[in-house]
Amino acid sequence: MKSTVAVFLPVFIATASGFVSPSSSCAKNHVHQPLFATGVNPQEPSVAVVEAMPDALPPLKNHYYLLRHGQSTANVEGIISSARSLAGSTKHGLTLLGIEQGRDSAPSLIDFIEQDLKDDDTTSTKEVYFYSSPFARAKETAEQCLAGMRANDGVAKRIEELGLKVKKEVMLDDGLMERYFGRLDGTELLTYAYVWPVDMFEPTHTAFDVESVAAVSTRIRSTILDIDSKHDEGGNHIVLTSHADVLQITQVYASGLDNVGKFSQYRFGNGEVRKMGRTVDTLPAPVPLRPPERGM
């Protein structure tokens, strides 16, 4: 198997110089441009372009959990799926395996909530809320997690014993949408290699008109603070259902990691749920950067 360096170095050099290999599907009509563009994203005006990372995420009143969508049809096709037109549509929804992964996330979520109750039961409202990206694969995962809570007798019993009040409605929030990949949208997964290595060196870069790490961090900060203000009483348990890059950026940004651009070393699996920790020691062990695999 090729080493990580052998796989990523050629595309890293191509990206950093502003060029794409002629064998790439992005080679057609490529225009040489600087990495550090500013202003409105030329491919998608709704995507912000920022010049710096946002301020640190302040203390929050509620408990947060991060749930990645289950396997989607786009995962199986092996393509990047980030177009804003997907919001509210049924395209690239869950596969049968993805539905199963969504349901299977329920026990892990209850484990995290139970641990938070053990750590601090005095301030908890014991109310559980689901927020989701409007992309079908995320929304369907949130719905399947809720279904898993009802269908799994063991989980349902634990919910009753813990006194949890799980809200059945999934609230959609555009701030949780997939990271926008600009001119790489719709291309094969291997083209992530044009972006992730550069993220590690410069979180504001917008090569190929992608949404920068700094821009994702900025909208996630705004989204979480807005959600937190809607539950101003505090002590609620809030599930954010979203996408791999977005959740990985969220977890390292929320933890205070000094270089959020290293988010790709903390990858979520399909249907995986984690507690959103607020210190670096809550992060899992980093895994060396490697290309994503079809179906994941």
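How many bridges join strand S2 to strand S4 (residues 237-242), and in which direction do the two run? In this predicted model, five bridges join S2 to S4, and the two strands run parallel.

- Strand S2 spans residues 127-132 and is mostly covered, six of its six residues being buried.
- In a regular strand the side chains alternate between the two faces of the sheet.
- In S2 both faces are covered, with Glu127, Tyr129 and Tyr131 buried on one side, and Val128, Phe130 and Ser132 buried on the other.
- Strand S3 (residues 165-172) also runs parallel to S2 and is joined to it by five bridges, and within S3 the bridge partner of Glu127 is Lys165.

**Helix H5: two sides**

- Helix H5 covers residues 153-162, and Val155, Ile159 and Leu162 are buried in this helix.
- Seen down the axis of H5, these buried residues fall within an arc of 75°, so they line one face of the helix.
- On the other side of H5, Asp153, Lys157, Glu160 and Glu161 are exposed.
- The buried residues of H5 pack against helix H3 (96-119), helix H4 (136-151) and strand S3.

**Helix H5: its ends**

- The N-terminal end of H5 is capped by Asn152, with a side-chain oxygen lying 2.9 Å from the backbone nitrogen of Gly154.
- After H5 comes Gly163, which has a positive phi, near 75°.

Conventions
Residues numbered from 1 in each chain as written. Predicted model: local features only at pLDDT ≥ 70, side-chain atom pairs only at ≥ 80, totals over all residues. Heavy atoms only, no water. Buried < 20%, exposed > 50% of the residue type's maximum accessible area, 1.4 Å probe, protein only. Helix = DSSP H or I, 4+ residues; strand = E, 2+ residues; numbered from the N terminus. Pairing = 2+ DSSP bridges. Arc of directions from axis to C-beta. Contact = heavy atoms within 4.5 Å. Polar contact = N/O pair within 3.5 Å; in protein donor to acceptor, adjacent residues only side chain to side chain.
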